Amino acid sequence: MNTMRVLFHLALADFFERTRRYRFLLTLAAVIYLGVLVNNGTAFFYLISGDLNSLVLRFRGVFNSAWIGTMTVLVTNVFLGLFAFYLVIDCIERDIRTGVGQIIATTPVRRAIYLIGKWISNFAVLLVLELILAAAAAVMVLLKGEAALDLGALLMPFLAVGFPFMALIAALAVVFETVPWLRGALGSTLYFFLWIFLLMAVLTWGALLAVVNDSMGTGASVNALSDNTGAMMELPTLKDPMGFNVFRESLFAGAAAGYPNERIHSMGLQAGPAPQFMVFDWPGMNWTPGIVCGQWLWAAIGLGLILLSAVWFARFDPSREGLRRPRGKPEEAKEGEATAPGKKGPRIALPSLSPLFSRLAQVNPFMGVLFAELRMLLNGRRWWWWAITAGVNIAMLTSPIDITKTYLIPCAWLLPLAIWSEMGNREQKNNTSQMVFSSARPVLRQLPAAWLAGVLVTALFVIAGAVVFLSNGDLPDLAGWVGAVIFIPTLALALGVLSSGSRVFQVVYVIWWYIGPLQKTPGLDFTTGAPQVYLLAAAGLLLLSAYWRGRQVRV
Amino acid sequence: MDTSNSLVIETQNLSKAYKGVQALGDFNLKLSPGILGLLGPNGAGKSTLMRMLATITKPTQGTILWNGRDVIKDPEVLRSVLGYLPQDFGVYPNLSAQEFLEYMAAIKGMRGAKARRKISDLLDMVNLREAARRPLGGYSGGMRQRVGIAQALLNDPQLLIVDEPTVGLDPEERVRFRNLLSDLSGERIVILSTHIVSDVESTATDIAIIYKGHLKVRARPEQLLKQMEGSVWEWMVTSQELPALKQQFLVSGTTRRMAGVELRVVSEAQPCPAAQPVTPTLEDVYLSTVAQRQGCTV
């Protein structure tokens, strides 16, 4: 078999399938906006000098090709490093969802080839985003007019740092998808922490380098700017995949050359209106094969991970992975049970076909729907998930109050992520929308019931928090608890309805949870303080959900 | 070179269990070129069997041999000559039929010019030439089914496995597909799983009835029909009598007539003096077999 041809078509079909969606246009718009933010000086990294005894100064480069290209790559590596993963992680899940996977499983295409094809497709999608950013960067160099356009200096950061990092992310998305339990909320959360860890590691590494250089009295050397001795002999050096430590020394040297009396020791991210900067002329990196190959080693590592994941990839075997199949009949796992001897097929007497079989539904239709929604939210959870939830709640009740508030309650606010992720999009995910939306009052009965079920389940899973606050007479935190219990499922419902999927909520919530309840950022911590803002937001989101669901129902 | 005479697929003591539920047990079957109509109630194990034959799922026990070679150990021996149409397959909605078939041809290992020729022929055959450039997302259920049929035939398969292939097709397309299957069957093995007994009746050279994961009947249609001779009866009843009679007998059909309801019953003995023996159909055979397995008297 012509492997290259197979790879080409695997990647091409997948690429077309993704880039022809309306959603992809929105992504492009968001990326172009990010590019504008970087290039108009709203978001970029700057250099910092100064110590405890002197004035802190901020430095940036002249807006030439090298500076704009490098800043575009560094900023987008940070942001796309997170969002690009969530953008492309659907490639194998889509083959399962559409059912194309089971046809692919019967073809001679090998697991590794299939996964590499998906990797190439992921990479191609991200490459489109990078190329758009590169084009936007070129336009900005011309618009700024501070220096002539140098395509080599502008594009080399993309080629050497941006592209390999995107290749690594594309690979990680494939690897996560080969493991069934990493495809959902758990995978989204784990990747977020992986990204945080990487970012912290990169920054810590840089800070450590600065401390070491300071202690040795070397600091940033002008030599780093131009020293190209032995470049051809250089071996590939593996630096951080985001590329900060590729540029760090050269940037510091560039600033040191312009301001030799300043001790430049760290980098910071500028986001928002730019303050006063000292401007230095940075001609760009001396790109050597060692640097470029070193960064592309990350792509090779990604490829290695993919080849490794081919070992456990189940190749759409329903008996080896929990495949969700929205269409058609249920899994044949029920085979052997469906036609029980007692149930006589041809001679069976018609059962009662009254549509209001449930006594509860007969008495109060809303309560009937509410209990059905509760059942759907809670059913199918594994025993260990219940055990962990119960364990965290017991720990909240038995631990000292400061430990409970600092660690356990924030932890409890993340545990039901998989449950919230189902809200508002279950109908599309399981292809039941035509049945549900054609039933009685889908907007005025089913949607509020789904929302209330989410609120009740949320309250149940963090109930120990309320008990702790109540027993300690901590009314402000109790009010925050009530606000969060209402706000989180409402947010989940709204984003589920609007996006017809769970990924958007997962990404938004995990980031928000990290910044708010975990880092206790004022104004963003929806679990403490004044709940009225979040209650008001919840009301708005609920109305928005109802409006959008109304549109879905009419369509 | 005609290799069709050497084509044999064989299952030996094939078993499959899903989390403790036995979906298929000790299943033995040997097939040569022709069409096998696979019948069985929902949950009988048909799809599990087909998934194992299609190399998607590995059996818990037993082997599958393709021309004497072990498919479990080396699925590639079968995959290059296999065409598979699952019951609930999907497509990429943003690709056109042409692009989707090009994609499937590539992953089936077909070369460019040959693939393009074959795709063109198949688009004509499934009557999708005019819609070939439109996104699949805008296709009707029947049109998608025809795309599925086309992809299953792309590599000119020696083993063709089709699960409910005529679902969603209009009567004309259904007849076209039946004829196509009959034309194909001379030189390859076709396994046709369906609940539409008339599809099997008009095409199958062999019939297998599966019940609770076991092969209960395997015979040629004429043999099965002959066994049923004298066991199918028809007579006229009133609408009021019908419910009680349905409880009493295995009813394989009712037809409204001016004089009442014509009742068709499968029964070894004459159900009543007015009942007249009639020619059995495969539907009678199927109902009779399944009903016996469910403990009903016939």
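Mentor: Keep in mind that this is a predicted model. We start with a surface patch.

Trainee: About how much area does the nonpolar surface patch made by L142(A), L149(A), L151(A) and L155(A) have?
Mentor: Four leucines make this patch: L142(A), L149(A), L151(A) and L155(A). One of them, L142(A), lies in helix α6 (residues 111-144) of chain A. The patch is nonpolar, and its area is about 350 Å².

Trainee: Is L142(A) buried or exposed?
Mentor: Its relative accessibility is 58%. The cut-off for exposed is over 50%. Therefore L142(A) counts as exposed.

Trainee: Which strands stand at the edges of the open sheet in chain B?
Mentor: The sheet has 4 strands with antiparallel pairing, in the order β12-β13-β11-β14. An edge strand here has a single partner strand, so one side is left without a neighbour in the sheet. The strands at the edges are β12 (250-257) and β14 (276-277) of chain B.

Trainee: What is the N to O distance in the salt bridge of E262(B) and R257(B)?
Mentor: R257(B) counts as partly exposed, because its relative accessibility is 44%. Its side chain meets that of E262(B) in a salt bridge. The N to O distance is 3.2 Å.

Trainee: Why are R176(B) and E173(B) separated by about one helical turn?
Mentor: These two form a salt bridge, with the closest N and O atoms 3.5 Å apart. R176(B) is partly exposed at 33% relative accessibility, and E173(B) is buried at 9%. They are separated by about one helical turn because both lie in helix α6 (residues 171-184) of chain B, 3 residues apart.

Trainee: How many residues apart are R549(A) and E427(A)?
Mentor: R549(A) forms a salt bridge with E427(A), the closest N and O atoms being 3.6 Å apart. The pair links distant parts of the chain: R549(A) is in helix α23 (residues 532-554) and E427(A) in helix α17 (residues 426-429) of chain A. Both residues are buried.

Trainee: How many salt bridges does the structure hold over all chains?
Mentor: Some share partners: D14(A), R18(A), D90(A), R94(A), D95(A), R97(A) and K118(A) are joined into one network. Over all chains, the number of salt bridges is 26.

Note on methods: Residues are numbered from 1 along each chain as its sequence is written. Chains are lettered from A and ligands numbered from 1 in the order in which they are written. This is a predicted model: local features need pLDDT of at least 70, side-chain atom pairs count only at pLDDT 80 or more; totals for chains, interfaces and linings use all residues. Side-chain values use heavy atoms; hydrogens and water are left out. Patches are made of residues with over 30% relative accessible area and no salt bridge: like charges are joined within 9 Å, nonpolar side chains (Val, Leu, Ile, Met, Phe, Trp, Tyr) within 5 Å. Accessible areas come from the Shrake-Rupley method with a 1.4 Å probe; for residues, only the protein chains shown count as cover. Helices (H or I, at least four residues) and strands (E, at least two) are DSSP runs, numbered from the N terminus. Buried means under 20% relative accessible area, exposed over 50%, partly exposed in between (1.4 Å probe, protein chains only). Two strands pair if DSSP finds at least two bridges between them.
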